[in-house]
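Dear colleague,

Please find below the structure that I am handing over to you. My findings follow it.

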Amino acid sequence: MARHLNLRQIEAFKAVIEHGTISRAAEMLHISQPAMSKLIAHLEDDTRLSLFDRVKGRLAPTSQGMRLYEEIDKIFTGVRQIENAVDAIRRDEQGRLMVGVMPALSGPFIQQVTSAFLTGNPNVFCSVLARSSQLIADWLVARKLDVGMVSSRIGNPYIATEPLMEHPLVCIMPPDHPLAEKSVIEPPDLAGVPFVSFDPESHTGQRVATMFETYGIQPHTVLVANISPTLCEFVASGLGVSLVHPLLASGLQNRLAIRRFEPDVMFDFQLCRLRESRNARLVDAYLHETRETARRISRTILRED
(Lines give C-alpha, C1' and ligand atoms only; values in the text may rest on other atoms or scores of the structure.)
Protein backbone atom coordinates (compact mmCIF):
# COMPACT_ATOMS: atom_id res chain seq x y z
CA MET A 1 0.00 0.00 0.00
CA ALA A 2 1.39 3.42 -0.96
CA ARG A 3 2.26 5.70 1.89
CA HIS A 4 0.88 9.24 2.10
CA LEU A 5 3.39 12.08 2.00
CA ASN A 6 4.26 13.42 5.42
CA LEU A 7 5.55 16.77 6.61
CA ARG A 8 8.89 15.39 7.74
CA GLN A 9 9.65 14.16 4.23
CA ILE A 10 8.80 17.56 2.80
CA GLU A 11 10.93 19.36 5.40
CA ALA A 12 13.85 17.06 4.60
CA PHE A 13 13.50 17.62 0.86
CA LYS A 14 13.31 21.40 1.31
CA ALA A 15 16.37 21.37 3.59
CA VAL A 16 18.47 19.41 1.09
CA ILE A 17 17.54 21.80 -1.74
CA GLU A 18 18.34 24.89 0.34
CA HIS A 19 21.50 23.64 2.07
CA GLY A 20 22.99 21.62 -0.77
CA THR A 21 24.04 18.43 1.02
CA ILE A 22 22.50 15.60 3.01
CA SER A 23 24.90 16.27 5.90
CA ARG A 24 24.12 19.97 6.17
CA ALA A 25 20.37 19.37 5.83
CA ALA A 26 20.51 16.69 8.53
CA GLU A 27 22.36 19.08 10.81
CA MET A 28 19.71 21.80 10.30
CA LEU A 29 16.88 19.34 11.12
CA HIS A 30 18.82 17.79 14.03
CA ILE A 31 18.65 14.26 12.65
CA SER A 32 21.26 11.76 11.49
CA GLN A 33 22.47 11.54 7.89
CA PRO A 34 21.06 8.00 7.44
CA ALA A 35 17.67 9.21 8.68
CA MET A 36 17.81 12.12 6.24
CA SER A 37 18.73 9.81 3.34
CA LYS A 38 15.85 7.50 4.23
CA LEU A 39 13.35 10.39 4.24
CA ILE A 40 14.48 11.49 0.78
CA ALA A 41 14.35 7.92 -0.56
CA HIS A 42 10.82 7.40 0.81
CA LEU A 43 9.70 10.70 -0.71
CA GLU A 44 10.95 9.65 -4.13
CA ASP A 45 9.24 6.25 -3.77
CA ASP A 46 5.95 7.76 -2.59
CA THR A 47 5.82 10.44 -5.28
CA ARG A 48 7.27 8.22 -8.02
CA LEU A 49 9.36 11.22 -9.06
CA SER A 50 13.07 11.43 -9.73
CA LEU A 51 13.94 14.32 -7.42
CA PHE A 52 17.74 14.14 -7.39
CA ASP A 53 20.57 12.97 -9.59
CA ARG A 54 23.44 11.33 -7.74
CA VAL A 55 26.65 12.95 -9.02
CA LYS A 56 29.89 11.78 -7.41
CA GLY A 57 28.21 11.16 -4.10
CA ARG A 58 26.31 14.47 -4.12
CA LEU A 59 22.65 15.21 -4.78
CA ALA A 60 21.75 17.52 -7.66
CA PRO A 61 18.04 18.43 -7.98
CA THR A 62 16.36 17.34 -11.22
CA SER A 63 13.86 19.47 -13.11
CA GLN A 64 11.09 17.50 -11.39
CA GLY A 65 12.76 18.16 -8.05
CA MET A 66 12.91 21.92 -8.67
CA ARG A 67 9.26 22.01 -9.77
CA LEU A 68 8.27 20.26 -6.56
CA TYR A 69 10.45 22.62 -4.51
CA GLU A 70 8.75 25.67 -6.06
CA GLU A 71 5.34 24.35 -5.01
CA ILE A 72 6.56 23.49 -1.52
CA ASP A 73 8.13 26.93 -1.13
CA LYS A 74 4.77 28.56 -1.94
CA ILE A 75 3.18 26.59 0.89
CA PHE A 76 5.90 27.55 3.38
CA THR A 77 5.58 31.19 2.30
CA GLY A 78 1.87 31.00 3.15
CA VAL A 79 2.71 29.51 6.55
CA ARG A 80 5.12 32.40 7.22
CA GLN A 81 2.38 34.87 6.32
CA ILE A 82 0.08 33.19 8.83
CA GLU A 83 2.83 33.39 11.46
CA ASN A 84 3.22 37.12 10.73
CA ALA A 85 -0.54 37.61 11.08
CA VAL A 86 -0.52 35.75 14.40
CA ASP A 87 2.35 37.95 15.59
CA ALA A 88 0.45 41.10 14.55
CA ILE A 89 -2.66 39.95 16.46
CA ARG A 90 -0.54 39.16 19.51
CA ARG A 91 1.14 42.58 19.35
CA ASP A 92 -2.26 44.25 19.30
CA GLU A 93 -3.49 42.29 22.33
CA GLN A 94 -0.29 42.62 24.34
CA GLY A 95 0.48 46.26 23.53
CA ARG A 96 3.45 45.76 21.22
CA LEU A 97 4.67 48.16 18.54
CA MET A 98 7.27 47.32 15.90
CA VAL A 99 9.02 50.29 14.27
CA GLY A 100 11.29 50.19 11.23
CA VAL A 101 13.58 53.15 10.59
CA MET A 102 16.14 53.87 7.92
CA PRO A 103 19.69 54.08 9.35
CA ALA A 104 19.90 57.86 8.85
CA LEU A 105 17.10 58.38 11.40
CA SER A 106 18.13 55.62 13.81
CA GLY A 107 20.05 57.91 16.19
CA PRO A 108 18.85 60.85 18.29
CA PHE A 109 15.66 61.39 16.27
CA ILE A 110 14.14 57.95 16.78
CA GLN A 111 15.30 57.95 20.41
CA GLN A 112 13.41 61.19 21.08
CA VAL A 113 10.26 59.95 19.32
CA THR A 114 10.21 56.58 21.07
CA SER A 115 10.99 57.99 24.52
CA ALA A 116 8.11 60.47 24.23
CA PHE A 117 5.79 57.68 23.06
CA LEU A 118 6.75 55.38 25.94
CA THR A 119 6.24 58.18 28.46
CA GLY A 120 2.60 58.32 27.41
CA ASN A 121 2.29 54.56 26.91
CA PRO A 122 4.42 53.01 29.68
CA ASN A 123 3.02 49.48 29.35
CA VAL A 124 3.77 49.10 25.64
CA PHE A 125 6.67 46.96 24.46
CA CYS A 126 8.35 48.82 21.59
CA SER A 127 10.92 47.38 19.19
CA VAL A 128 12.97 49.64 16.87
CA LEU A 129 14.79 48.08 13.91
CA ALA A 130 17.13 49.95 11.54
CA ARG A 131 16.61 48.60 8.02
CA SER A 132 16.73 49.74 4.40
CA SER A 133 13.74 51.65 3.04
CA GLN A 134 12.75 48.79 0.72
CA LEU A 135 12.92 46.19 3.47
CA ILE A 136 10.81 48.40 5.74
CA ALA A 137 8.14 48.61 3.03
CA ASP A 138 8.19 44.83 2.55
CA TRP A 139 7.93 44.19 6.30
CA LEU A 140 5.04 46.64 6.65
CA VAL A 141 3.04 44.70 4.06
CA ALA A 142 3.97 41.42 5.76
CA ARG A 143 2.79 42.90 9.11
CA LYS A 144 6.21 42.41 10.65
CA LEU A 145 6.29 46.19 11.29
CA ASP A 146 3.63 48.67 12.37
CA VAL A 147 5.36 51.97 11.54
CA GLY A 148 8.10 52.83 9.07
CA MET A 149 10.34 55.83 8.37
CA VAL A 150 12.01 55.79 4.98
CA SER A 151 13.72 58.08 2.49
CA SER A 152 12.27 56.90 -0.81
CA ARG A 153 8.76 57.04 -2.20
CA ILE A 154 6.70 53.88 -1.72
CA GLY A 155 4.16 53.05 -4.39
CA ASN A 156 2.22 50.35 -2.57
CA PRO A 157 -1.59 50.61 -2.30
CA TYR A 158 -1.57 48.95 1.14
CA ILE A 159 0.79 51.53 2.66
CA ALA A 160 -0.19 55.08 3.61
CA THR A 161 2.63 57.62 3.55
CA GLU A 162 3.09 61.26 4.49
CA PRO A 163 6.08 63.62 4.13
CA LEU A 164 8.18 64.28 7.20
CA MET A 165 10.62 67.16 7.77
CA GLU A 166 10.72 68.56 4.24
CA HIS A 167 13.73 70.85 3.95
CA PRO A 168 16.26 71.95 1.31
CA LEU A 169 19.57 70.11 1.30
CA VAL A 170 22.50 72.00 2.80
CA CYS A 171 26.17 71.94 1.90
CA ILE A 172 28.46 70.51 4.58
CA MET A 173 32.25 70.80 4.70
CA PRO A 174 35.12 70.90 7.20
CA PRO A 175 35.17 74.20 9.13
CA ASP A 176 38.48 75.25 7.51
CA HIS A 177 37.33 74.51 3.94
CA PRO A 178 37.70 77.51 1.52
CA LEU A 179 33.96 77.38 0.71
CA ALA A 180 33.18 77.95 4.40
CA GLU A 181 33.86 81.65 3.79
CA LYS A 182 30.68 81.83 1.68
CA SER A 183 27.23 82.11 3.25
CA VAL A 184 25.49 80.47 0.30
CA ILE A 185 26.89 77.70 -1.90
CA GLU A 186 25.80 77.43 -5.55
CA PRO A 187 26.34 74.65 -8.14
CA PRO A 188 29.34 76.30 -9.87
CA ASP A 189 31.11 76.48 -6.48
CA LEU A 190 31.25 72.67 -6.44
CA ALA A 191 32.85 72.22 -9.87
CA GLY A 192 36.12 70.34 -9.41
CA VAL A 193 35.76 70.28 -5.61
CA PRO A 194 36.22 66.83 -3.98
CA PHE A 195 32.67 65.60 -3.33
CA VAL A 196 31.46 62.87 -0.98
CA SER A 197 28.32 61.39 -2.50
CA PHE A 198 25.45 59.24 -1.36
CA ASP A 199 24.90 55.98 -3.20
CA PRO A 200 23.69 56.97 -6.70
CA GLU A 201 20.78 54.51 -6.31
CA SER A 202 19.53 56.28 -3.17
CA HIS A 203 16.82 58.95 -3.27
CA THR A 204 19.24 61.67 -2.13
CA GLY A 205 21.90 60.53 -4.59
CA GLN A 206 19.44 60.73 -7.47
CA ARG A 207 18.21 64.22 -6.49
CA VAL A 208 21.78 65.56 -6.26
CA ALA A 209 22.79 63.91 -9.54
CA THR A 210 19.81 65.51 -11.29
CA MET A 211 20.80 68.93 -9.93
CA PHE A 212 24.40 68.56 -11.15
CA GLU A 213 23.18 67.44 -14.57
CA THR A 214 20.77 70.39 -14.82
CA TYR A 215 23.58 72.88 -14.19
CA GLY A 216 26.15 71.05 -16.31
CA ILE A 217 28.42 70.32 -13.34
CA GLN A 218 30.62 67.24 -13.36
CA PRO A 219 31.19 66.42 -9.66
CA HIS A 220 34.63 65.26 -8.56
CA THR A 221 33.34 62.31 -6.52
CA VAL A 222 36.03 60.96 -4.19
CA LEU A 223 33.86 58.63 -2.09
CA VAL A 224 30.39 57.08 -2.17
CA ALA A 225 28.66 56.21 1.11
CA ASN A 226 25.32 54.49 1.63
CA ILE A 227 24.57 55.80 5.14
CA SER A 228 24.71 59.36 6.43
CA PRO A 229 26.90 58.87 9.56
CA THR A 230 29.66 57.46 7.36
CA LEU A 231 29.31 60.26 4.82
CA CYS A 232 29.34 62.99 7.47
CA GLU A 233 32.39 61.50 9.19
CA PHE A 234 34.38 61.52 5.95
CA VAL A 235 33.37 65.12 5.28
CA ALA A 236 34.33 66.15 8.83
CA SER A 237 37.70 64.44 8.38
CA GLY A 238 38.47 66.70 5.41
CA LEU A 239 37.91 64.35 2.47
CA GLY A 240 35.48 66.67 0.68
CA VAL A 241 32.11 68.42 0.77
CA SER A 242 28.59 67.05 0.37
CA LEU A 243 24.88 67.90 0.18
CA VAL A 244 22.65 66.45 2.91
CA HIS A 245 19.36 66.99 4.70
CA PRO A 246 20.33 69.22 7.68
CA LEU A 247 18.92 66.73 10.18
CA LEU A 248 21.66 64.30 9.16
CA ALA A 249 24.35 66.75 10.24
CA SER A 250 22.79 67.44 13.64
CA GLY A 251 25.23 66.81 16.48
CA LEU A 252 28.20 67.55 14.22
CA GLN A 253 27.92 71.34 14.18
CA ASN A 254 31.28 71.65 15.96
CA ARG A 255 33.02 69.53 13.32
CA LEU A 256 31.24 70.73 10.20
CA ALA A 257 30.53 74.02 8.50
CA ILE A 258 26.90 73.98 7.30
CA ARG A 259 25.95 76.40 4.53
CA ARG A 260 22.73 77.11 2.67
CA PHE A 261 22.67 75.72 -0.86
CA GLU A 262 20.86 77.40 -3.77
CA PRO A 263 18.84 76.57 -5.73
CA ASP A 264 16.78 74.60 -3.24
CA VAL A 265 16.99 70.84 -3.61
CA MET A 266 14.02 69.79 -1.51
CA PHE A 267 14.12 66.52 0.39
CA ASP A 268 11.83 64.86 2.88
CA PHE A 269 11.52 61.57 4.69
CA GLN A 270 8.40 59.44 4.52
CA LEU A 271 6.34 58.30 7.49
CA CYS A 272 4.56 55.02 6.69
CA ARG A 273 1.90 52.74 8.08
CA LEU A 274 -0.50 50.11 6.79
CA ARG A 275 -3.80 51.62 5.69
CA GLU A 276 -5.59 49.10 7.90
CA SER A 277 -3.50 48.82 11.05
CA ARG A 278 -4.61 46.18 13.52
CA ASN A 279 -3.27 48.14 16.50
CA ALA A 280 -4.39 51.49 15.17
CA ARG A 281 -4.48 53.23 18.57
CA LEU A 282 -0.80 52.62 19.24
CA VAL A 283 0.18 53.46 15.67
CA ASP A 284 -1.75 56.75 15.84
CA ALA A 285 -0.04 57.64 19.13
CA TYR A 286 3.42 56.87 17.74
CA LEU A 287 2.79 58.86 14.55
CA HIS A 288 1.64 61.80 16.67
CA GLU A 289 4.90 61.79 18.65
CA THR A 290 6.88 61.47 15.41
CA ARG A 291 5.20 64.55 13.93
CA GLU A 292 5.66 66.56 17.15
CA THR A 293 9.35 65.66 17.37
CA ALA A 294 9.83 66.57 13.71
CA ARG A 295 8.17 69.96 14.26
CA ARG A 296 10.33 70.65 17.30
CA ILE A 297 13.52 69.81 15.41
CA SER A 298 12.40 71.89 12.44
CA ARG A 299 12.02 74.90 14.75
CA THR A 300 15.52 74.45 16.16
CA ILE A 301 18.26 72.47 14.44
CA LEU A 302 16.91 72.69 10.92
CA ARG A 303 16.54 76.46 11.11
CA GLU A 304 20.14 76.97 12.24
CA ASP A 305 21.73 76.11 8.90
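Helices (H or I, at least four residues) and strands (E, at least two) are DSSP runs, numbered from the N terminus. This is a predicted model, in which local features need pLDDT of at least 70 and side-chain atom pairs count only at pLDDT 80 or more, while totals for chains, interfaces and linings use all residues. Residues are numbered from 1 along each chain as its sequence is written, and side-chain values use heavy atoms, with hydrogens and water left out.

I begin with glutamine 9, which is found in helix H1. Glutamine 9 is buried, at a relative accessible area of 2% (buried means under 20%, exposed over 50%, partly exposed in between, with a 1.4 Å probe and protein chains only). Leaving aside residues up to four places away in sequence, glutamine 9 touches His4, Leu39, His42, Leu43 and Asp46; contact means heavy atoms within 4.5 Å.

Helix H1 (residues 7–19) packs against helix H3 (residues 33–47) at an angle of about 110°, and their axes are 9 Å apart. Axes are lines fitted to C-alpha atoms, for helices over the stretch in contact, and angles run from 0 to 180 degrees between N-to-C directions. H1 and H3 are therefore roughly perpendicular to each other (65 to 115 degrees; under 35 counts as roughly parallel, over 145 as roughly antiparallel and the rest as oblique). From H1, Arg8, Gln9, Ala12, Phe13 and Val16 meet Met36, Leu39, Ile40, His42, Leu43 and Asp46 of H3.

Turning to the sheets, four strands form an open sheet with mixed pairing, in the order S8-S12-S7-S11. Two strands pair if DSSP finds at least two bridges between them. The edge strands, each pairing on one side only, are S8 (184–185) and S11 (242–244). S8 pairs with strand S12 (residues 257–261) in the parallel sense over two bridges, and isoleucine 185 stands opposite phenylalanine 261 in S12. Helix H8 (residues 228–236) lies across strand S7 (170–173) and S11, at about 55° to S7.

Another open sheet, also described as mixed in its pairing, has five strands in the order S4-S3-S5-S13-S6. Its edge strands are S4 (125–130) and S6 (159–168), each of which pairs on one side only. Strands S5 (residues 147–150) and S13 (residues 266–274) run antiparallel and are joined by four bridges; glycine 148 has cysteine 272 in S13 as its bridge partner. Helix H9 (residues 280–299) lies across S3, S4, S5, S6 and S13, running at about 165° to S13.
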